[in-house]
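Thanks for coming. I will take a few minutes to go through one structure, and you can follow along on the screen.

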Amino acid sequence: MAIKDLTNKSAEELNQHLLDLRKEQFNLRMQKGAGQLNQPHQLRRVRRDIARTKFVLGGKK
């Protein structure tokens, strides 16, 4: 998700989005550990989305 999209969200929505990203990251890590991850680039995308969300959330405080 782009930073422009994240800046339009409220702090509550950003916290919920961050929680969803963390769950997705956990599921992808479990798939990788089991050898079932077909798209390894998804881990990098989720990690960067988490960083973007935290950056915007920190700016709102």
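**A walk through the chain**

At 38% relative accessibility, Ile 3 counts as partly exposed, because that value lies between the cut-offs of 20% for buried and 50% for exposed. Ile 3 is part of helix α1. Not counting residues up to four places away in sequence, Ile 3 touches Arg 52 and Val 56. His 41 is another matter: 38 residues separate it from Ile 3 along the chain, and their C-alpha atoms are 20 Å apart.

Before going on, a word on what you are looking at. This is a predicted model. The average pLDDT of the chain is 93, and 100% of the residues score at least 70. Confidence is lowest in α1, with a mean of 87, and highest in α2, with a mean of 95.

Now the overall layout. The chain has 3 helices and 0 strands, and read along the sequence the pattern is α-α-α. The C-alpha trace spans about 40 × 15 × 15 Å along its principal axes. Of the 61 residues in the chain, 26% are buried. The accessible surface comes to about 4600 Å², and 51% of that belongs to carbon and sulfur atoms. If you take contacts between residues at least 6 apart in sequence, 62% of them join residues at least 24 apart.

Next, helix α3. How far apart should its ends be? Helix α3 runs over residues 41-60, which is 20 residues, so at 1.5 Å a residue it should span 28 Å. Its end C-alpha atoms are 29 Å apart, which agrees.

Which residues of α3 are buried? They are Gln 42, Leu 43, Val 46, Asp 49, Ile 50, Thr 53, Val 56 and Leu 57. These residues cover an arc of only 160° around the axis, which means that they sit on the same side of α3. On the other side of α3, His 41, Phe 55 and Gly 59 are exposed. What covers the buried residues of α3 includes α1, residues 3-7, and α2, residues 11-34.

His 17 lies in helix α2. Is His 17 buried or exposed? His 17 has a relative accessible area of 16%, so it is buried, the cut-off being under 20%. Setting aside neighbours within four places in sequence, His 17 is in contact with Met 1, Leu 6, Lys 9 and Thr 53.

Gln 25 is also found in helix α2. Its relative accessible area is 17%, so Gln 25 is buried too. With neighbours within four places again left out, its contacts are Leu 43, Val 46 and Ile 50.

In soluble globular proteins, nonpolar side chains tend to be buried together. Here the largest nonpolar core has 7 residues: Leu 18, Leu 21, Leu 28, Leu 37, Leu 43, Val 46 and Ile 50. Both α2 and α3 supply at least two residues of this core. Take Leu 28 as one of them: leaving aside neighbours within four places in sequence, Leu 28 is in contact with Leu 37, Gln 42, Leu 43 and Val 46.

That is the end of the walk. I will take questions now.

Definitions and conventions. Residues are numbered from 1 along each chain as its sequence is written. This is a predicted model: local features need pLDDT of at least 70, side-chain atom pairs count only at pLDDT 80 or more; totals for chains, interfaces and linings use all residues. Side-chain values use heavy atoms; hydrogens and water are left out. Helices (H or I, at least four residues) and strands (E, at least two) are DSSP runs, numbered from the N terminus. The expected span of a helix is 1.5 Å times one less than its number of residues. Buried means under 20% relative accessible area, exposed over 50%, partly exposed in between (1.4 Å probe, protein chains only). The arc is that of the directions from the helix axis to the C-beta atoms. Contact means heavy atoms within 4.5 Å. pLDDT is the predictor's confidence in each residue, from 0 to 100. A nonpolar core is a set of buried Ala, Val, Leu, Ile, Met, Phe, Trp, Tyr and Cys residues joined through side-chain atoms within 4.5 Å. Accessible areas come from the Shrake-Rupley method with a 1.4 Å probe; for residues, only the protein chains shown count as cover.
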